Amino acid sequence: MGKGHIEINGVTKIFRRTDGSDTLTALDNIQLDIKAGEFIAFVGASGCGKSTLLRLIAGLETPTIGNILSDGEEITSTSEKRGLVFQDHALFPWLTVWDNVRFGLKSTGKKDKTELAEHLLDVVELGNFKKSYPYQLSGGMAQRVALVRALANEPDVLLLDEPLGALDAFTRMNIQDALIDLWKERKNTMILITHDVDEAIYLAQRVIVMSPRPGRIVDDIPIEMSYPRNRSHSAFVRYRNVILEKLNYAHEESIADFSI
Ligand SMILES: Nc1ncnc2c1ncn2[C@@H]1O[C@H](COP(=O)(O)OP(=O)(O)OP(=O)(O)O)[C@@H](O)[C@H]1O
Ligand SMILES: [Mg+2]
């Protein structure tokens with residue numbers, strides 16, 4: 001089996017207020033197996049613990065109960081094996097595109113990685129923009145640079161927290177295609193958080209629906225469509241309706257719980 005297998009075993013995450021007066025269960029008993037090379041997406045209302053789960057997988061936080069294994073080893077800290085891309089691309093404004101990508105490369109096998117970085121910039125159609133500075137790029141171009149920068153390190157797992165959230169619909173669709181190209185090329189595990197149900201269905205092999213207060217998995221839906229997917233295909237529309245209904249139901253349940 002390839003690298004990038006993530007096992008989430010009974011993970012609960014409880015945050016405490018700094019004065020210890022109150023607690024908040026951000027995630028409640030999450031159980032999930034993510035296969036090596038799988039493209040998985042998480043959708044759910046704001047506050048259902050998606051970013052918390054991603055931060056736990058990254059090794060930026062530790063579970064209160066349970067554990068997460070990365071290729072069989074418990075995650076206790078961050079690792080180059082798990083790359084992260086956030087909504088805010090955070091390129092260095094004083095560096096060119098090429099230096100931004102190179103700056104992020106870890107020293108091991110740097111030559112190979114430089115070649116890979118060059119190739120990946122071509123894949124996302126930014127080969128001619130190596131000498132540009134971030135201020136000369138559109139938001140979508142900058143976000144593609146951020147994706148290349150993360151992937152050039154050859155992470156086994158790429159963690160994406162609403163990486164396209166700030167972009168207009170058209171740019172978003174372009175980068176979704178670039179993301180599929182990058183994934184097919186690298187065959188790494190992709191873990192995507194998105195508010196956009198269509199984006200989840202367009203990209204992922206499996207969509208996890210979460211509910212808030214406390215954050216739980218309410219559904220696990222395999223998307224059985226070949227790539228590239230057609231957003232107006234009847235199967236696509238069916239998945240959209242099913243997921244929206246689950247989200248709506250989860251939302252109503254959480255409001256009902258809240259008012260007791
Ligand atoms: N460091 C922290 N300390 C205390 N509470 C936190 C902390 N991080 C997250 N939380 C709480 O945990 C819950 C889940 O937060 P999280 O950011 O994971 O949600 P999310 O699903 O990513 O939401 P969104 O869609 O708005 O990004 C929220 O109620 C949040 O207030
Ligand atoms: Mg979040």
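1. The largest pocket of this predicted model is lined by 18 residues, among which Arg82, Gly83, Leu84, Lys106 and Ala150 lie nearest its centre. Two elements, β6 (82-85) and α4 (139-151), each give two or more residues to that lining, and β6 provides the largest share, four residues. Helices (H or I, at least four residues) and strands (E, at least two) are DSSP runs numbered from the N terminus.

2. A pocket here is an open set of points on a 1 Å grid over the protein atoms alone, with protein on both sides within 12 Å along at least five of seven lines, and lining residues have an atom within 4 Å of a point. The largest pocket holds about 330 Å³ of space, a volume being the space filled by probe spheres set on the points.

3. At least three lining residues of the largest pocket come from each of domain 1 (6-81 + 155-259) and domain 2 (93-154), with bounds taken from an automatic or database domain assignment.

4. There is also one cavity of 30 Å³ or more, where a cavity is a set of points that a 1.4 Å probe fits but cannot leave. The largest cavity holds about 30 Å³, and its lining consists of Leu56, Glu61, Pro63, Ile68 and Ile75.

5. On provenance, local features need pLDDT of at least 70 and side-chain atom pairs count only at pLDDT 80 or more, whereas totals for chains, interfaces and linings use all residues. Residues are numbered from 1 along each chain as its sequence is written, and side-chain values use heavy atoms, with hydrogens and water left out.

Conventions. Chains lettered and ligands numbered in written order.
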